[in-house]
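Subject: Handover of a structure and notes on its contents

Dear colleague,

Please find below the structure that I am handing over to you. My notes on it follow directly after.

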Amino acid sequence: GKGFGLHAVVAVVLNLDIASPHANTLSLFVDGVRICKPQKLPEALIGKALYPAISFRSVTVQYNFGATPLGTLPFKCRFLQDASAKDVEQRPAPGKGAKHEVLFPVCLPDEGT
């Protein structure tokens, strides 16, 4: 399909509103315009904690999990930072001395990584 242009604002919208005809779907918007039909979540993922992840190749990405959008959408919705407590899963911070695992992807420009 058509690629995203420079400075495009891409929004991935997870609809958890059970009253919506698009409940439990993901939708993709570019510069405020829906570019595909809402995609149903697999049954095995409904009601489970979902973790946002972004993966692209050969581009620079700025992501926004804040409370305000970088662009406009044709409707009002809540953002991750402003999510309802029933729609998120928070875990307490690990205790002192707990071991942590962090993954930092390392890519070198012009090296095909």
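Leaving aside neighbours within four places in sequence, aspartate 31 is in contact with His7, Ala8 and Val9, where contact means heavy atoms within 4.5 Å. Aspartate 31 is placed in the loop between S2 and S3. The C-alpha atoms of aspartate 31 and valine 10 are separated by 6.3 Å, although these residues are 21 apart along the chain.

Some remarks on the basis of these notes are in order. This is a predicted model, in which local features need pLDDT of at least 70 and side-chain atom pairs count only at pLDDT 80 or more, while totals for chains, interfaces and linings use all residues. Residues are numbered from 1 along each chain as its sequence is written, and side-chain values use heavy atoms, with hydrogens and water left out.

The pLDDT value is the predictor's confidence in each residue, from 0 to 100. The chain averages a pLDDT of 84, and 88% of the residues score at least 70. Among the elements of the chain, S4 has the highest mean pLDDT (96) and S1 the lowest (90).

Strands and their pairing

The chain has four strands and zero helices, which gives the pattern β-β-β-β along the sequence. Helices (H or I, at least four residues) and strands (E, at least two) are DSSP runs, numbered from the N terminus. Two strands are taken to pair if DSSP finds at least two bridges between them.

Strand S1 (residues 10–15) is joined to S2 by six bridges, and the two run antiparallel. Within this pairing, leucine 14 stands opposite leucine 26 in S2. S2 also pairs with strand S3 (residues 33–34) in the antiparallel sense, over two bridges, and here phenylalanine 29 stands opposite arginine 34 in S3. S2 and S3 form a hairpin with two residues between them, and aspartate 31 in the turn has a positive phi of about 50°. Two further bridges join S2 to S4, again antiparallel.

Threonine 25 lies in strand S2, and its bridge partner in S4 is lysine 40. Not counting residues up to four places away in sequence, threonine 25 touches Val13, Leu14, Asn15, Pro38, Gln39, Lys40 and Leu41. Is threonine 25 buried or exposed? With a relative accessible area of 3%, threonine 25 is buried; the term buried stands for under 20% relative accessible area, exposed for over 50%, and partly exposed for values in between (1.4 Å probe, protein chains only).

Burial and surface of the chain

Of the 113 residues of the chain, 11% count as buried. The chain exposes about 10300 Å², of which carbon and sulfur atoms supply 57%; accessible areas come from the Shrake-Rupley method with a 1.4 Å probe, and for residues only the protein chains shown count as cover. Among contacts between residues at least 6 apart in sequence, 25% join residues at least 24 apart.

Aromatic pairs

A pair of aromatic rings is described by the distance of the centres and the angle of the planes. Rings of Phe, Tyr and Trp (its six-membered ring) pair if their centres lie within 6.5 Å; planes under 30 degrees apart count as stacked, over 60 as edge-to-face and the rest as tilted. By this rule there are two aromatic pairs.

The ring centres of phenylalanine 29 and phenylalanine 75 are 5.5 Å apart and their planes stand at 65°, so this pair is edge-to-face. Because phenylalanine 29 lies in strand S2 (residues 25–30) and phenylalanine 75 in the segment after strand S4 (39–40), the pair ties together parts that are 46 residues apart in sequence. Phenylalanine 29 is buried, at a relative accessible area of 1%, whereas phenylalanine 75 is partly exposed, at 32%.

The rings of tyrosine 63 and phenylalanine 65 have centres 5.3 Å apart and planes at 40°, so this pair is tilted. Tyrosine 63 is exposed, with a relative accessible area of 55%, and phenylalanine 65 is partly exposed, with 36%.

Salt bridges

A salt bridge is a side-chain nitrogen of Lys or Arg within 4 Å of a carboxyl oxygen of Asp or Glu, and the structure holds two of them. Arginine 78 and aspartate 82 meet through their side chains at 3.7 Å, N to O. Arginine 78 counts as exposed at 54% relative accessibility, and aspartate 82 as partly exposed at 36%. Lysine 86 forms a salt bridge with aspartate 87, the closest N and O atoms being 3.5 Å apart. Lysine 86 is exposed at 70% relative accessibility, while aspartate 87 is partly exposed at 36%.

Yours sincerely
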